[in-house]
Amino acid sequence: MHPFRTIYIDMNSFFASVEQHEEPYLRGKPVGITAMEGDVGCLVAASYEAKYFGVKTTMSIKEAKILCPKIILRPSRHRLYVRYNQRIARIFDQYAELEYVRSVDEFQIALGGTTSNLNVASKLVKTMKDALKYEIGENLKFSAGIGSNHLLAKIAGKLEKPDGMQWLSPDNMPQRLSNIPLGDLPGIGRGVLFKLNSAGIHNCEQMYNLDPRHARKIWGSIIGERFIRLLQGEDIPLETTKRGGYGNSKMLAPENRTLKNAYLVSRWLIEKSVARLRRDNYTASQFSLFLRIQNPRNRWGHSVKTHYSQDTAHFLDINRRLWRMMYSQKHPYLISSISVHLGNILPLNKRSGEMLLPMEMAKKNDRERLSRTLDTINKRFGASTITYGINKAHNGFFERG
Ligand SMILES: [Mg+2]
């Protein structure tokens with residue numbers, strides 16, 4: 001069987017479920033969450049009991065009341081849902097490698113090593129479902145998709161709702177999608193659908209069998225080629241869509257915005273990103289740091305070119321220099337968000353000797369071997385068993401962009 005690399009988690013009727021958890025009276029009842037107080041406008045979420053009557057998200061309240069006269073309405077409380085998002089992220093992070101918080105109700109888990117096996121990954125999903133049940137409550141359910149990459153995982157997550165678990169890989173593609181209309185796939189909007197239909201592509205199987213280069217012509221951009229490659233199970237990291245490299249961004253929680261805490265979070269982001277770079281056998285020769293400064297309001301960013309490396313300590317050194325440079329220029333008090341990025345990546349087996357750092361092609365230097373050893377220890381005994389000096393884990397706030 002092909003290895004699995006991603007679990008995509010989509011919370012079911014998230015806003016309504018949170019309200020049902022907070023207010024037991026609402027449990028088992030049709031609930032609609034409204035954008036505004038009162039009976040005007042449309043729904044931003046509906047509980048499964050309401051969806052049973054045909055109520056849908058983004059439906060007008062008037063329509064929803066015709067379909068389901070007993071629907072109970074509650075105004076949306078976004079801050080509350082964000083707090084639950086952070087709580088859930090912390091729980092997932094105890095059991096799995098939480099790679100991205102994709103939105104307020106979607107999470108992406110990285111698989112690798114033993115967890116790339118379907119049985120092990122399925123057990124991990126079960127463990128995470130139980131953990132939410134015991135640590136928060138029975139109302140918060142999710143659908144999970146296990147996939148060879150993030151796109152297949154996301155599609156798999158939509159196959160069974162609520163409380164589902166499905167998988168997609170070259171082993172069951174494209175047959176598994178034979179009943180799914182093209183337009184239901186994430187990323188296939190009306191415009192692309194029209195282009196596909198015009199090219200004679202009307203179902204998922206036909207699309208799966210497209211030559212990626214042909215897809216590029218149909219879409220009129222590289223996005224089409226990437227989409228088909230992902231559909232066919234190729235492992236293309238999510239980051240390369242945006243930047244070509246490995247990165248991590250976080251909006252900081254208010255208590256972590258002091259200069260010292262923000263710096264520690266940046267170290268943690270780097271450790272995570274470089275560990276992923278190593279896991280995928282890449283090296284990077286560019287490091288970038290972007291900060292949004294809250295007080296005084298400002299932005300700061302800088303990129304540094306370096307030799308190709310996959311050594312955490314090397315990138316932490318650069319990071320420290322950049323923070324010093326930033327401080328001398330901006331004198332900030334509070335930092336509201338951090339992005340770190342490892343760019344200009346190259347597979348380890350293509351790296352050739354560097355002038356300043358003599359080494360044989362594809363051979364790791366001592367510090368890189370040390371980094372790799374620490375990965376193994378952290379994998380066996382739990383993330384952050386050994387860290388590079390002090391860092392500060394920071395889960396649950398949304399990825400930027
Ligand atoms: Mg959802």
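Predicted model: local features only at pLDDT ≥ 70, side-chain atom pairs only at ≥ 80, totals over all residues.

Student: Why does F107 count as buried?

Tutor: The limit for buried is under 20% relative accessible area. F107 has 0% relative accessibility, so F107 is buried.

Student: What makes F92 buried?

Tutor: The cut-off is again under 20%. F92 has a relative accessible area of 0%, so F92 is buried.

Student: How many aromatic pairs does a search of the whole structure find?

Tutor: The search finds 10 aromatic pairs. One of them is formed by F14 and F15.

Student: Why is the pair of F14 and F15 called tilted?

Tutor: Start with the distance. The ring centres of F14 and F15 are 6.2 Å apart, and pairing asks for centres within 6.5 Å. Now take the angle. The planes of F14 and F15 are 55° apart. Stacked needs under 30 degrees and edge-to-face needs over 60, so this pair falls into the rest, which count as tilted.

Student: Are F14 and F15 buried or exposed?

Tutor: F14 has a relative accessible area of 3%, so F14 is buried. F15 has 14% relative accessibility, and F15 counts as buried too. The limit for both is under 20%.

Student: What makes the pair of F92 and F107 edge-to-face?

Tutor: The angle. The ring planes of F92 and F107 stand at 85°, and edge-to-face starts over 60 degrees. The ring centres are 5.2 Å apart, which meets the limit of within 6.5 Å.

Student: Why can one say that F92 and F107 tie parts of the chain together?

Tutor: Look at where each ring sits. F92 lies in helix 4, residues 78-95, and F107 lies in strand 6, residues 106-110. The two are 15 residues apart in sequence, so the pair ties those parts together.

Student: Which residues do ring pairs link into a cluster?

Tutor: F14, F15 and Y81.

Student: How do you know that the charged end of K51 sits over the ring of Y48?

Tutor: One test is distance. The charged end of K51 is 4.7 Å from the centre of the Y48 ring, and the limit is within 6 Å. The other test is direction, within 35 degrees of the ring normal. K129 is placed likewise over the ring of F142, 4.4 Å from its centre.

Student: On to charges. How many salt bridges does the structure hold?

Tutor: It holds 16 salt bridges.

Student: Why do R74 and E23 count as a salt bridge?

Tutor: Their side chains meet at 2.8 Å, N to O. The cut-off is within 4 Å, so the label holds.

Student: Where in the chain are R74 and E23?

Tutor: R74 is in strand 4, residues 72-75. E23 is in the loop between helix 1 (14-22) and strand 2 (31-34). They are 51 residues apart, and the pair links distant parts of the chain.

Student: What makes R74 and E23 partly exposed?

Tutor: Buried is under 20% and exposed is over 50%, with partly exposed in between. R74 has a relative accessible area of 21%, so R74 falls in between. E23, at 26%, does as well.

Student: Do E225 and R216 count as buried or partly exposed?

Tutor: E225 has 10% relative accessibility, so E225 is buried. R216 has a relative accessible area of 40%, so R216 is partly exposed. The two form a salt bridge, with the closest N and O atoms 2.9 Å apart.

Student: What makes R279 and D280 a salt bridge?

Tutor: Their closest N and O atoms are 3.3 Å apart, and the limit is within 4 Å.

Student: Last, the whole chain. How many helices and strands does the chain have?

Tutor: The chain has 14 helices and 12 strands.

Student: Why is the chain called as compact as a globular protein of that length?

Tutor: Its radius of gyration is 23 Å. The globule rule gives 21 Å for 401 residues. Buried residues make up 50% of the 401 residues.

Conventions
Residues numbered from 1 in each chain as written. Heavy atoms only, no water. Phe/Tyr/Trp six-rings, centres within 6.5 Å; stacked < 30°, edge-to-face > 60°. Buried < 20%, exposed > 50% of the residue type's maximum accessible area, 1.4 Å probe, protein only. Helix = DSSP H or I, 4+ residues; strand = E, 2+ residues; numbered from the N terminus. Rg over C-alpha atoms; globule rule 2.2 N^0.38 Å.
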